[in-house]
Amino acid sequence: QVHVVESGGGLVQPGGSQILSCAATGRIVAVNAVAWYRQVRGNRREIVARFTKKGQRLYGESVEGRFTISGDNVENTTYLQMSSLKPEDSAVYYCGQEIDDGAGSWQIYWGQGTQVTVAS
């Protein structure tokens, strides 16, 4: 079994910063990529940032230049550094890791999600 755990989140003021972290444990043969998504109730889950084993990073248009996904590599803890936060960034943030758990194919494992609320 593979478990993905996010930490961080909570209440932050507009213009402030926050860091989320994501780590996976369990039977992990390899990790292909780590991605952060966010979802507001009633809306579709949208991608925030993605970090691949080749070191590539991509960002959603709404967070480009404000958020940074970082980590030594995809197999260690990955961080989402969020700055210049806006109320519209408020959402539940989910970490998804593309993992080969021995089955020989990539499967996405999700964390439980962490709430980020940007408000005065």
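**Exercise 1.** Which residues of the largest nonpolar core touch the most other members?

*Solution.* The structure is a predicted model, so local features need pLDDT of at least 70 and side-chain atom pairs count only at pLDDT 80 or more, while totals for chains, interfaces and linings use all residues. Residues are numbered from 1 along each chain as its sequence is written, and side-chain values use heavy atoms, with hydrogens and water left out.

Step 1. A nonpolar core is a set of buried Ala, Val, Leu, Ile, Met, Phe, Trp, Tyr and Cys residues joined through side-chain atoms within 4.5 Å. Buried means under 20% relative accessible area (1.4 Å probe, protein chains only).

Step 2. The largest such core has 26 residues, and those touching the most other members are Trp36, Val48, Phe67, Leu80, Met82 and Tyr93.

Step 3. Elements giving two or more residues to this core include β3 (18-26), β4 (30-39) and β9 (91-100); β9 gives the most, with 4 residues. Strands are DSSP runs of E, at least two residues, numbered from the N terminus.

**Exercise 2.** List the contacts of Val48.

*Solution.* Count heavy atoms within 4.5 Å as contact. Leaving out residues up to four places away in sequence, Val48 touches Trp36, Tyr37, Arg38, Leu58, Tyr59, Gly60, Val63, Phe67, Leu80 and Tyr93.

**Exercise 3.** Find and describe the disulfide.

*Solution.* Step 1. Look for cysteine sulfur atoms within 2.5 Å; the count comes to 1 disulfide.

Step 2. The sulfur atoms of Cys22 and Cys95 are 1.9 Å apart. Cys22 lies in strand β3 and Cys95 in strand β9, 73 residues apart, and the pair links distant parts of the chain.

Step 3. The link is left-handed, with -80° about the S-S bond.

Step 4. Cys22 is buried at 1% relative accessible area, and Cys95 is buried at 0%.

Notes. Buried < 20%, exposed > 50% of the residue type's maximum accessible area, 1.4 Å probe, protein only.
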